[in-house]
Amino acid sequence: MLTRRQFLIKTSLIAAGTNSLPRLFGEAPAEQWPPYRRSLAIDGQGGSAFFYLQENDPALPGELQAIRDSGLTGLIVSPAPQGRFWLNDAAFERNRQALADWKSRVEAHGDVFLHVKTAADLERARTEHRLGIIFTFQGTEPLGEDSDRIPMFREMGLRVVQLTHNRRNLVGDGCMEPGNAGLSNYGRQVVERLNAEKLVIDLSHASSRTTKEAIRASAAPMLIGHTGCRALADLPRNVADAELRALADKGGVAGIIFWPYLRIDTQPMAIDVIRHLEHAINVCGEDHVGIGTDGEVAPMKRSPEWERENREWVRGSKRDGIFAATRPDDLYTFIPDLNVANRFEILAARLSKRGHSDARIEKLLGRNFARVMRDVWGG
């Protein structure tokens, strides 16, 4: 079965070859939040078909325009491993090559992108209205059994490392492992080395016990870059209030995801994102909450073919236990009434209407993530 990222890549490339516009569940209103275009907005986990389109592909200009339209300052992206690669030399070489290739693509389009390696780079991306690309691995599989690979990946431009994906690896358990084992002895070595090399640790996808033990083990603030609140939707992929508080006590930040994990029944909408944001604020404070969509920057272009393939992917995910068997087949891993490039701005406008201050909204959009990055990376 295709991973979700592979599915999005496949279907977005097909759609990118058409002239159709994104179909929304009712057009998103032209909502504006005046401070947005001067704000620092960071998506705690996302992607773009840009990294898979060839330079001569006619769809590339449209993808680049969507990136400009997004108004984002930073985007954490993962060239590898997406929870699918094993711990062998071939996987290591593939991951290393993927990181090098993506870095080259970013540098070849310096008018649109900026490879972020320092906190100062984030501020530069904001003032120059470029999208700062922050590289991560969604799992420590590229390290194999050798934490000495961490400095090499940092030298290549990696700045964030997610400890696990859904499954178990050598560092600890992912959230879909029934045993809920915690951080291994090797995992503690990896956390210590990541701290020493000034890479941000991301606990997204980790099991509850791995999350708690990694927070205790780390000397630096951490991220849970894309997740939901288990108190609102009791699902393995979400984090409990106790974990949110522990993360905040260490100075960390949790980003609210745009996936169906925000509900246990029907398709989540923008109001569900807001509910999770507000719950997280109530639990751990406005300085410790952000947004991590785990989606593409460009809006999804829905067509009959796309809908058929999406339903097939959801059915496969239900068989694999990613979603409960009782969930409908027409789930979407994006928020339908935020299916536009500038979704962060629309979300900010809706938060403002609910009485959240501009200062708080700026923190949620990206200032909180930027603070953790500054604390860990330095200037």
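This report walks through some helix pairs, nonpolar cores and individual residues of the structure above.

The model is a predicted one, in which local features need pLDDT of at least 70 and side-chain atom pairs count only at pLDDT 80 or more, while totals for chains, interfaces and linings use all residues. Residues are numbered from 1 along each chain as its sequence is written, and side-chain values use heavy atoms, with hydrogens and water left out.

## Two helix pairs

Helices (H or I, at least four residues) and strands (E, at least two) are DSSP runs, numbered from the N terminus. Two packed helices are described by the angle between their axes and the distance between the axes. Axes here are lines fitted to C-alpha atoms, for helices over the stretch in contact, and angles run from 0 to 180 degrees between N-to-C directions.

| Helix pair | Angle | Axis distance |
|---|---|---|
| α9 (residues 270–284) and α11 (residues 343–353) | about 65° | 11 Å |
| α4 (residues 119–128) and α12 (residues 358–377) | roughly 145° | within 8 Å |

Let us begin with α9 and α11. Their crossing is right-handed (the near helix is turned clockwise from the far one by less than a right angle). Contact means heavy atoms within 4.5 Å, and A270, V273, I274 and L277 in α9 meet L347, R350 and L351 in α11. These residues divide into six nonpolar, no polar and one charged. For this sorting, Ala, Val, Leu, Ile, Met, Phe, Trp, Tyr, Cys and Pro count as nonpolar, Asp, Glu, Lys and Arg as charged, and the others, Gly among them, as polar.

In the other pair, A119, L122, E123 and R126 of α4 meet R367, A370, M373, R374 and W377 of α12. This contact is made up of five nonpolar, no polar and four charged residues.

## The nonpolar cores

In soluble globular proteins, nonpolar side chains tend to be buried together. A nonpolar core is a set of buried Ala, Val, Leu, Ile, Met, Phe, Trp, Tyr and Cys residues joined through side-chain atoms within 4.5 Å. Buried means under 20% relative accessible area, exposed over 50%, and partly exposed in between (1.4 Å probe, protein chains only).

Which residues touch the most other members of the largest nonpolar core? They are F113, I133, L163, L347 and L365, out of 86 residues. Helix α9 gives this core its largest share, eight residues. Leaving aside neighbours within four places in sequence, L347 is in contact with F258, V273, I274, L277, I291 and L338. Another core, of 17 residues, lies apart from the largest one and has I42, A220, A370 and V372 among its members.

## Some single residues

E213 is found in helix α7 (residues 208–217). It is buried, with a relative accessible area of 10%. Its side chain reaches the backbone nitrogen of L183 at 2.8 Å. Beyond neighbours within four places in sequence, E213 is in contact with G182, L183 and R188.

Most residues other than glycine have a negative phi. H129, although not a glycine, has a positive phi of about 55°. H129 lies in the loop between α4 and β5 (131–138) and is exposed, with a relative accessible area of 61%. K198 is not a glycine either, and has a positive phi of about 65°. K198 sits in the loop between α6 (185–196) and β7 (200–202) and is partly exposed, at 42% relative accessibility.

Finally, A231 lies in the loop between β8 (223–227) and α8 (241–249). Apart from neighbours within four places in sequence, A231 is in contact with D241 and H279.

How values were computed: A polar contact is a pair of N or O atoms within 3.5 Å; within protein, one must be able to donate a hydrogen and the other to accept it, and residues adjacent in sequence count only if both atoms are side-chain atoms.
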